[in-house]
Amino acid sequence: MESVTASGLYKDYQMGKLTVNALKNLSFSIGSGAFVSFVGPSGSGKTTLLNLIGCLDKPTQGKLNVAGVDVTGLNRKQSALFRGENLGFIFQDFNLIPVLTVFENVEYPLLMVRKTPAGDRKKRVLQLLEEVGMMDQKDKFPDQLSGGQKQRVAVARSLITHPKIVLADEPTANLDHKTAYLIINLLKRMRDEMNTTFIFSTHDPKIVGEVETLYTLEDGELNNGQERGDKHA
Amino acid sequence: MINMLNMIKIAARNLLRYKRRTLLVSLLIAIGVIFVQVFMAATASYKNIIISQITDAMLGHIQIHKKGYLVSIENVPLNLNLKPHGVEKIEAALKTIPEIDAYSKRLRLGGMISNFTETTNLRLFGIEPEQEYKTAPLLPGRIIEGKSDLEPGQILLPSTLAKGMHLKVGDLIVIIATNKDGSVNGKQFLVGGILDAAPGPGGRDGYIHISDAAELLRMETAEISEIALHLKSFKDIPSVYAQLTQKLGGELNKEGKPAFEIHTWEKLSPFANIAKMLDLMTVFVKVMLVTIVVISILDVMMMSVYERTREIGTIAAIGTLPSRILAMFITEGLLFGISGVVLGNLVSYIIVRIMQSMHITFSFGMREGLVLNPQFDLWSVLWISLIVIVISVIASVQPASKAARLDPIKALKTT
């Protein structure tokens, strides 16, 4: 089953009188449980594409099917519901909620997006914190954590709802070499355990070296996906 | 419910994140609440004291006259008195209204008073003392010399007149009055007591027994100028007024017009205008409070949305519905209002208790040493709290809606 299918995807921006063609006629397909990355120089359209797959933006033209749903026609509320149900996000700057503890940050999507019952919530959060090795830090606030620890919490938060797809925009950009590898390995392990599709947008050679399929974007155009061999453990 | 509690928890933590700012806004709201509560407590006490001085010392809560009497009241018109059958109708109606505590039939007249060396004019109330003291319970307290029995043949004189004419309790005086037919009559009285002046119209009039007033005016049966009512509760005035209007409004005179006129104390005393001005000032103070709440909350919440744009983008991206983001920010506004209200009411209570212990005195007219007794009224606490909380929520709607409408992509790009 395909996680993401794009066909003839265009995205244009209006900058004053100038129309910027951010994405041009993109067609690709990403399978379920894939570990793929979009790479390319700044301004090539990586983040724009991730925003479209993440239902944060709409294509100007073309078809986009995410997790079996045509997302091009979703309105703002439907998009939010769709994201809460099907997608997880990992950001470059971690984007944890500063007033919530580690436990509460991970719990947030279950509580405020999914309305999961308390008992189930606690069990799932503790289980996932154990998985990402943050159990002993669960009562700390984000400003008491290192960058790597913050990103582990962000990973746990992105996976707590068991999303079909996790979108990660430069997830290792703010991490040192060792921590970045730890995070990448954590993500792969999570993919193996949950069969979640991971889609990255990155420059980071560490990620590029680990993904199974690599798509290169240049000036909004996509080169064919480059299979890197099945690294599924 | 769980979500609401969590929303409150998150909102509270966000407020505590900016402690100084939160404290400042809460203090601002609290100061507004204190200002309103203390002002209302003080003015309500002032109003109540003055109104009770006016109504309980002389006026009564409601008065009933023959139609047309009130416009001529300064002339004490004898031809506009109530006849016995009219009085009977009124009394029959009064007896059916349980909120009426007491009523007093009064015969008002004007005359000349002489101490045999000096003569001056004087207005008098002819009363039945027992009924009058129930209707104007502060009247006996106004007697600064002598006794309050007011037996036939005695007169209670206002202190200013007694002082001017060098009269004291036990002195003999003569009252000369003209009746409605124009014939003059005189009668000797013994000064039974000296009265302190009461504020308002009629506050410097003398009192005689109603039988003496009827004799002086050569009436076989005493006619009645007014019937004053004292109610069990001041709050019953509108209801009793409505009942009286309904029961007596149908009584017509020979010309087919209403036979009686009914007036509450507000129509009879000029202090009602001062009371209205105080009420108006209270409205202005409340408007000031609302303005403080709106401006401070709007300002601080806009700042909050601006500072937390990226955070809003994050929660929106991970699937938080716009309506929930709206609710999260409105909850912060709500908490601002609640914290300001709690703090404000607490400090107001302390200030009001301090004011009570200080026994602040003031004078009104000739009355001195009236003690201001501000009360921390539970209803006004509830009302003001409700107003502030509702306004806090309303003021936070605009910034909250801005937060809810933020484009997640743009929000996530902010630093």
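How much area is buried between chain A and chain B, and what percentage of it do carbon and sulfur atoms give? In this predicted model, in which local features need pLDDT of at least 70, side-chain atom pairs count only at pLDDT 80 or more, and totals for chains, interfaces and linings use all residues, side-chain values use heavy atoms, with hydrogens and water left out. Residues are numbered from 1 along each chain as its sequence is written, while chains are lettered from A and ligands numbered from 1 in the order in which they are written.

The area buried between the two chains (the accessible area, with a 1.4 Å probe, that two parts lose on being put together, summed over both) is about 2,500 Å², and carbon and sulfur atoms give 62% of this area. On the side of chain A, the residues that lose the most area to chain B are A:Arg76, A:Val99 and A:Met112, which together account for 26% of what that side buries. In terms of contact (heavy atoms within 4.5 Å), 28 residues of chain A meet 29 residues of chain B.

Three salt bridges (a side-chain nitrogen of Lys or Arg within 4 Å of a carboxyl oxygen of Asp or Glu) are found across the interface of chain A and chain B; one of them joins the side chains of A:Glu104 and B:Lys9, at 3.1 Å from N to O. Helix H2 (76-86) and helix H3 (102-114) of chain A are the elements that give two or more residues to the side of chain A touching chain B, where helices (H or I, at least four residues) and strands (E, at least two) are DSSP runs numbered from the N terminus.

Within chain A, four strands form an open sheet in the order E2-E1-E4-E5, with antiparallel pairing; two strands pair if DSSP finds at least two bridges between them. Strand E2 (18-31) and strand E5 (69-70) of chain A stand at the edges with a single partner strand each, so one side of each is left without a neighbour in the sheet. Two bridges join strand E4 (residues 61-66) of chain A to E5(A), and A:Asn65 has A:Asp70 as its bridge partner in E5(A).

Elsewhere in chain A, strand E3 (residues 35-39) and strand E9 (residues 213-218) pair in the parallel sense over four bridges, with A:Thr216 in E9(A) as the bridge partner of A:Val39. E9(A) also pairs with strand E10 (residues 221-222) of chain A, in the antiparallel sense over two bridges. The hairpin of E9(A) and E10(A) has two residues between the strands, and A:Asp219 takes a positive phi near 50° there.
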